[in-house]
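Morning, everyone. Let me put it on the screen.

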Amino acid sequence: AGNTPLGGESIFVANGEVRAPLFRFVDGVAFLDAGNISSRWRDFRLTDLKYAGGGGLRLRTPYFLFRLDYGVILGAIGGERRGRLTFGIGQAF
């Protein structure tokens with residue numbers, strides 16, 4: 001329906017992350033992501049990739065890693081949401 005992602009036969013995802021210690025158990029992070037899905041694998045083109053970048057914090061505990069990130073779509077078009085704040089537990093990849 002419209003621009004609602006419904007999935008596909010192929011997916012490409014690439015992630016890069018640089019982490020640096022800030023305090024005793026807190027790290028700062030900068031990241032760059034690239035990817036896209038194709039309804040058919042034959043339609044996949046590297047020129048169609050979407051990109052996002054951002055930064056965040058990592059809180060290291062003896063049991064879990066907590067993530068707080070803010071990412072921005074690079075080259076957002078139309079009504080696309082430009083940025084998003086996310087929270088997670090554990091490594092993302």
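I will go through the strand pairing, then the salt bridges. One caution before that: this is a predicted model.

Strands, then. Strand β1 covers residues 10-21. β1 runs antiparallel to β2, and 12 bridges join the two. To find your place, take Ala14: its bridge partner in β2 is Ala34.

Next pair. β2 spans residues 26-38, and β3 spans residues 50-60. β2 and β3 are also paired, over 10 bridges, in the antiparallel sense. Here the landmark is Val29, which has Gly56 as its bridge partner in β3.

Now the charges. As a reminder, side chains of opposite charge can pair when their charged atoms come close. How many salt bridges does a search of the whole structure find? Five. I will take you through some of them.

Start with Arg60 and Asp27. Their side chains meet in a salt bridge, at 3.0 Å from N to O. Which strands does this pair tie together? Arg60 sits in β3 and Asp27 in β2, so the contact links parts that are 33 residues apart in sequence. Look at the two ends. Is Asp27 buried or exposed? Asp27 is buried, because its relative accessibility is 6% and the cut-off is under 20%. Arg60 is partly exposed, at 34% relative accessible area.

Second, Arg19 and Glu17. This salt bridge is 2.9 Å, again N to O, between the two side chains. Arg19 has a relative accessible area of 31%, so it counts as partly exposed. Glu17 is partly exposed as well, with 28%.

That pair does not stand alone. Which residues are linked in the network of salt bridges? Glu17, Arg19, Arg58 and Asp69. So when you look at Arg19 and Glu17 on the screen, bring up Arg58 and Asp69 with them, because the four are linked in one network.

Third, Arg40 and Asp43. They form a salt bridge too, and the closest N and O atoms are 3.2 Å apart. Arg40 is partly exposed, at 42% relative accessibility. Asp43 is also partly exposed, at 30%.

To recap. β1 pairs with β2, and β2 pairs with β3. Arg60 and Asp27 tie β3 to β2, with Asp27 buried. Glu17 and Arg19 belong to a network with Arg58 and Asp69. Arg40 and Asp43 make a salt bridge.

That is my part. Over to you.

Note on methods: Residues are numbered from 1 along each chain as its sequence is written. This is a predicted model: local features need pLDDT of at least 70, side-chain atom pairs count only at pLDDT 80 or more; totals for chains, interfaces and linings use all residues. Side-chain values use heavy atoms; hydrogens and water are left out. Buried means under 20% relative accessible area, exposed over 50%, partly exposed in between (1.4 Å probe, protein chains only). Helices (H or I, at least four residues) and strands (E, at least two) are DSSP runs, numbered from the N terminus. Two strands pair if DSSP finds at least two bridges between them.
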